[in-house]
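Please examine the sequence and the three-dimensional structure shown here.

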Amino acid sequence: MSTPIKNRYEFVLFYEVENGNPNGDPDAGNMPRIDPETGYGIVTDVCLKRKIRNYIELLKQDAPGFAIYVKENEPLNKQHRKAYLAKGIEVPKKSEGKVTPDTIKTVRGWMCQNFYDVRTFGAVMATEVNCGIVRGPVQINFSRSLDPIVQQEVTITRVTVTREDEEKTREIGRKHIVPYAMYRVEGYVSAKLANDENKGTGFSEEDLELFWDALVNMFDHDHSASRGKMTARKLIIFKHDTELGNAPAQQLFDLVQIERLHPGQPPRSFADYKIEIGTAPNGVTLIEKL
């Protein structure tokens, strides 16, 4: 793997949804997630991480060092066994008690080297086949819409039925959509959690460029009938000159302000907003993508 990153970063991503459900809530009939006190839309961090994982898997095709740890139909213990077998260590049994710290360090390091999402986001791998706990250098907040959203239920019909003994010829279904919403999500990249001698994951400059690439392109490879039209619109990156950083994260996030150009009308496109970015403080470089 290439050299671990040496700089701290913060970032702000704006993305939009049109006639789709960006993140259904299973506790609410899969309706779009919402803050019940304000009416603003919410998208969870794990929703975006799933899209990032899918994009990396599509791009890298499980190339050495870029496998995906959290993936469909892959039990976590099965992934953990790979580390023990690769290092020539006998896979522990549940009845054998705790694994030694040296063993945990060895298999933990292998997991970081071989799984991109472990190296990036971290993972709790202290299961029956124990590979320890990794705190990832990249962390993402919940997304929040810029305006209150409308959770719209759309009735649809299908011209065939499921069972052969049905007398009816059509079936009724429903889709939950947001007509339009722009979401903002903020995140952090810690150099210390990437290159620390004992706790670092080895998250590298190459990994970082892949991460920026995934933020920009993840929606283009995640289209479905339920998600509608989702598009990344603006990625703003703050690069610090040092590992520990040169300014508080919130100070940098506050530099990014949004203005509604037509406040009397419901927003229906990216053109309805104006993004303004203040001057970055000394020791911080502003990078814009898209």
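The report below treats the overall fold, a pair of helices, the aromatic rings and some individual residues.

The structure is a predicted model, in which local features need pLDDT of at least 70 and side-chain atom pairs count only at pLDDT 80 or more, while totals for chains, interfaces and linings use all residues. Residues are numbered from 1 along each chain as its sequence is written, and side-chain values use heavy atoms, with hydrogens and water left out.

**Overall fold**

The secondary structure comprises 7 helices and 14 strands; helices (H or I, at least four residues) and strands (E, at least two) are DSSP runs, numbered from the N terminus. The C-alpha trace of the protein spans about 65 × 60 × 35 Å along its principal axes. Of the 290 residues, 43% count as buried, where buried means under 20% relative accessible area, exposed over 50% and partly exposed in between (1.4 Å probe, protein chains only). Among contacts (heavy atoms within 4.5 Å) with a separation of 6 or more, 71% are accounted for by residues 24 or more positions apart.

**Helices H2 and H3**

Helix H2 (residues 76–86) and helix H3 (residues 101–114) have axes that come within 9 Å and cross at roughly 110 degrees. That makes H2 roughly perpendicular to H3, a term for angles of 65 to 115 degrees. Axes here are lines fitted to C-alpha atoms, for helices over the stretch in contact, and angles run from 0 to 180 degrees between N-to-C directions. On the H2 side, Gln79, His80, Lys82, Ala83, Tyr84 and Ala86 meet Thr103, Val107, Trp110 and Met111 of H3. By class, this contact of H2 with H3 has 6 nonpolar, 3 polar and 1 charged residues. Ala, Val, Leu, Ile, Met, Phe, Trp, Tyr, Cys and Pro count as nonpolar, Asp, Glu, Lys and Arg as charged, and the others, Gly among them, as polar.

**Aromatic pairs**

A search of the whole structure finds 11 aromatic pairs. Rings of Phe, Tyr and Trp (its six-membered ring) pair if their centres lie within 6.5 Å; planes under 30 degrees apart count as stacked, over 60 as edge-to-face and the rest as tilted. Two of the pairs are set out below.

| Pair | Distance of centres | Angle of planes | Class |
|---|---|---|---|
| Phe11 and Phe211 | 5.5 Å | 70 degrees | edge-to-face |
| Tyr15 and Phe219 | 5.1 Å | 35 degrees | tilted |

Tyr15 and Phe219 are both buried.

**Individual residues**

Asn19, found in strand E1, has a positive phi of about 50 degrees although it is not a glycine. Asn19 is partly exposed, at a relative accessible area of 43%. Asn73 has a positive phi near 60 degrees and is found in the loop between helix H1 (45–60) and H2. With a relative accessible area of 67%, Asn73 is exposed.

Glu288 belongs to strand E14 (residues 284–289) and counts as partly exposed at 42% relative accessibility. Leaving aside neighbours within four places in sequence, Glu288 is in contact with Lys234, Leu235 and Ile277. Glu288 and Phe238 are 50 residues apart in sequence and 8.8 Å apart in space, C-alpha to C-alpha.

Technical notes
Parallel < 35°, antiparallel > 145°, perpendicular 65-115°, else oblique.
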